[in-house]
Amino acid sequence: MQPNLSHASESSSSSQLQIGRIAKKEITLFFASPTAYLFLAVFAAITLFVFFWGEAFFARNIADVRPLFEWMPLLLIFLASTLTMRLWSEERRTGTLEYVLTQPIPLWHFVLGKFIGCLILLLVALAITLPLPITVAIIGELDWGPVFAGYLATFLLGAAYLSIGLFVSARTQNQIVSLIIAVAVCGIFYLLGAEILTKLVGYEAGEWLRLLGTGSRFDAITRGVIDFRDLYYYLSIIVVFLVLNIYSLESERWCTSKNTTNHGNWRSLTLLLVLNAVGANIWLGQINSIRIDATEGNQYSISKATKGYLSQLQEPLLIRGYFSGKTHPLLSPLVPQLRDLIREYEISGKGRVRVEFIDPTKNPELEEEANQKYGIQPVPFQVADRYQSSIVSSYFNVLVQYGSEHQTLSFNDLIEVKSQGVSDIEVQLRNPEHDLTRTIKKVLKSYQAGGNLFDTVKGQLVFDAYVSDDNVLPKELVEFKKQITQSIAQVEQDAGGRLSFNVVDPQASGGRVAQRIARDFGFQPMGTSLFSQETFYFYLTLSKGDQVIQIPIDDMSKEGFERNLNAGIKRFASGFTKNVALVAPPSAPQFAPPGGANPPGAQFNQLQQFIGGDLNITSEDLSDGRVAGDSDILVLLAPKELDEKQLFAVDQFLMQGGTVIIASSPFAANLNSRSLDLQSNNSGLEDWLSHHGLSMKQSLVMDMQNMPFPIPVSRNVGGFQLQDVRMLDYPYFVDIRGQGLNEDSLITADLHQLTMTWASPISIDQDKQKQRTITELIRSSEGSWLSSSRDIMPKVDANGVTPYRPEGEQNSHLLGVISEGRFDSFFVGKNSPLLTQKQEDQNSATAEETAQQPESGDAIEISSIIEKSSNSARIILFSSNDFMRDRINGVLSSTAGSQYLNTMQLMANTLDWSLQDSGLLSIRSRGHFNRTLPPMDQGQQSFWEYLNYILAVLALIVVALVRRFSKQSKQRQYQQLMAA
């Protein structure tokens, strides 16, 4: 047995040596003529031209290398055909093919040797393009996963085209004929899955054609998903045409046309190999689980957050895709991507998720159900077939149904569009997993909300009522106390042992409990008026472990208490939609009339729509001095002139252990179609923030690392006035990225870029923050500076250059911060504004008016000041009034060429983090167009572009030098051999 193994090893080694010699010979012959360098130079030149000019890399403003691979399927057709056209044709023309056919060496050695030689040349050509992704990585934040996948796809596609070219070359003796036929055959494979062909047939036929097309498979890999089906597809093409190549050469060895057993075996073996390769492709087409998501953060795969929501399913979840067979050409390629992702939900659901895909236009009953039951309507798109252009009503919707709850997603919810001009539009799925998972979360919470509230509470809750004896309480509160006792007893019974109830009189036993709650929670004695000598306690708290929240008593009725108690329990529960109290200026029209002034009040409609999908948003004016009892979090956007009662509401919400998110600044911009100016903004929070150790300077942060400001410019061309948009350098739009975004905070870790507009620097009083934790979220770059000028109009000098230059000290400035821990109330030692207002009203009222006031439990006004907060209290401050406004988002969107969502993602992340709901945080920022390039002037862009041209030339010189060194080394070896 040992001799046979030794013989097999020697045979294998000999085969490898022979194949290596043949490959080396082909490479030597290739570089012996200028053709090699012309091939490499053409490949590099076309690649660089497409990258910087054809796909306008800098104008596209995305930190990826998709433009590098965009035209590879077409470029490789011509280059691979050119490279292989002479390999066998030249052998046949010069007569050396007969010498090859008569050699005792197996023909597959020659075929494989030539093929490997071509692959090495392809690798050299691809190596010349490596400076491009390295350049992008230096400039911006590049995701290397799609880069590696793209090079793998390019190598496999090039290998497939080379195998086709080798086979065609073996069948002809004319190089030009070989070139033409190889281009035609490779072109057919490319066109099979191309949009120009698939849009002429139905949806199902188009899907089959896409599975056969080399270009469509290539696009699937270059987006960062390495699917085994795509890899096998390319390998099967390589194997099939190499086998056909070997068979075609082997058949020329046969000296007779008579069929022999050997001839039949060759034919049968070749046919079986081809059929198995094709059949395996069809079989693998039904499997979609063998894949690798190479993108950073696994953008196209199911995340742990999604699997966590799917694990909560108690009943089957239905995900149904409504996709028409004929739709807009830009949406058509997105359907397979969305279907593959939805199928992953089915796999991860482990039997709890049912997936369906239907074409409503072919099923009238399901179409009627979609229209009437789910409100899904077709959208008219303009499409073109082989004969005419027409309007087609098409479906591109997803239904998610769980029990009796359902939500739908339309194409507007699923896609994002990036435009560089009227005809240059790029459409991608925005963030399909986030959109689907958010919808699943919403129907899941809606369904759970109908069950027992305590089913979603983990741990033991404790309800403590710090209430004085009935003899001390006002009669209205005595009755309210009875109602509370009855309600909490029923809730305790429904809780099934997960809620305990305690009633404590703080004034009993010498007032020891009163001292403790004053020390721990800041609970002070209450009164019904400023001059009342009778004080009492009436505080309700709900706690779990160290977390304590106060149950408000703003509505002294049984129903009001139960509503506030349920809201408090939900803050400890999972599976319920949280409530956000939003304080913002009055809503106004989104656009000002032409020539008119900016409408009063900032607009945050886009933000409310963005976060409204996950949270309940309620408008709060704080005029009654309280925040609604069912509010889980308080958000103040561009607050303006808050009075004492409103400030008291904010302060006491914080003292109750709540989170207050503030977007404010000493300045507010006034932007309309004709002017832009800066106005002072008095939020009413200045002293309150300063009390808590936070303040904002009366200046604006300017940074040379900034987003441009779009300015309309009129041009006269041939007597016609054309309107263009020019991007001007604008330091007031501070561009935050990299180290400016805290990578250790979940709020900013996954944000790649953020623009802060007209922001002021935040100062922190360290002495007042000793008992709290400070987390810096957002900082400007080290090259930023401060300006106190009110002139914020974009500037340009006579030469068309923006004249902004750094002034004064340059340093990084804090623009976003979290302060969390124990806070002392701003109103310590002061009278409650609620009682003060009541006393003023009573003093101004006549005796007759006082007598006419009804006596009821609801009329009593009680108040005290909670002087200390629990450790769960937080202030989150962003120092800009305008960076989340609708109009500013519109300006930033026009600059980026796509909808600008980063500021809204920041707020959504902040809310989720504050509410301890981090499920969607990890997948919210996965959009295709989020990785933008940093701001660069034309000089910097030209530098990087020309540097790549120079590096490509240097790479060609290095190849030539290596070739020359190798040739000289061989000559020396030959001379030494002859001398010996």
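Patches here are groups of residues with over 30% relative accessible area and no salt bridge, in which like charges are joined within 9 Å and nonpolar side chains (Val, Leu, Ile, Met, Phe, Trp, Tyr) within 5 Å. A salt bridge is a side-chain nitrogen of Lys or Arg within 4 Å of a carboxyl oxygen of Asp or Glu. The model is predicted, with local features needing pLDDT of at least 70 and side-chain atom pairs counting only at pLDDT 80 or more, while totals for chains, interfaces and linings use all residues. Numbering starts from 1 along each chain as its sequence is written, and side-chain values use heavy atoms, with hydrogens and water left out.

One nonpolar surface patch is formed by Ile 950, Leu 951, Val 953, Leu 954, Ile 957 and Leu 961, which together have about 510 Å² of accessible area (Shrake-Rupley method, 1.4 Å probe; for residues, only the protein chains shown count as cover). Leu 961 lies in helix 32, residues 938-979 (helices are DSSP runs of H or I with at least four residues, strands are runs of E with at least two, and both are numbered from the N terminus).

Turning to the sheet, seven strands in the order 16-15-17-18-31-30-28 make up an open sheet with mixed pairing (two strands pair if DSSP finds at least two bridges between them). On average, neighbouring strands are turned by 20° against each other, direction ignored (axes are lines fitted to C-alpha atoms, for helices over the stretch in contact, and angles run from 0 to 180 degrees between N-to-C directions). Helix 31 (residues 902-914) packs on this sheet, touching strands including strand 15 (579-583) and strand 31 (873-878), and its direction makes about 170° with that of strand 31. Strand 28 runs antiparallel to strand 30 (residues 814-821), joined to it by seven bridges; Glu 776 stands opposite Val 817 in strand 30.

Two loop residues other than glycine deserve a look. Glu 641, between strand 17 and helix 26 (644-655), has a positive phi near 50°. Trp 758, between strand 26 (754-757) and strand 27 (762-764), also has a positive phi near 50°. Glu 641 counts as exposed because its relative accessibility is 52%, whereas Trp 758, at 0%, counts as buried (buried means under 20% relative accessible area, exposed over 50%, partly exposed in between; 1.4 Å probe, protein chains only).

Met 696 belongs to strand 21, residues 694-696, and is buried at 19% relative accessibility. Beyond its neighbours within four places in sequence, the contacts of Met 696 include Ser 664, Pro 761 and Leu 877 (heavy atoms within 4.5 Å).
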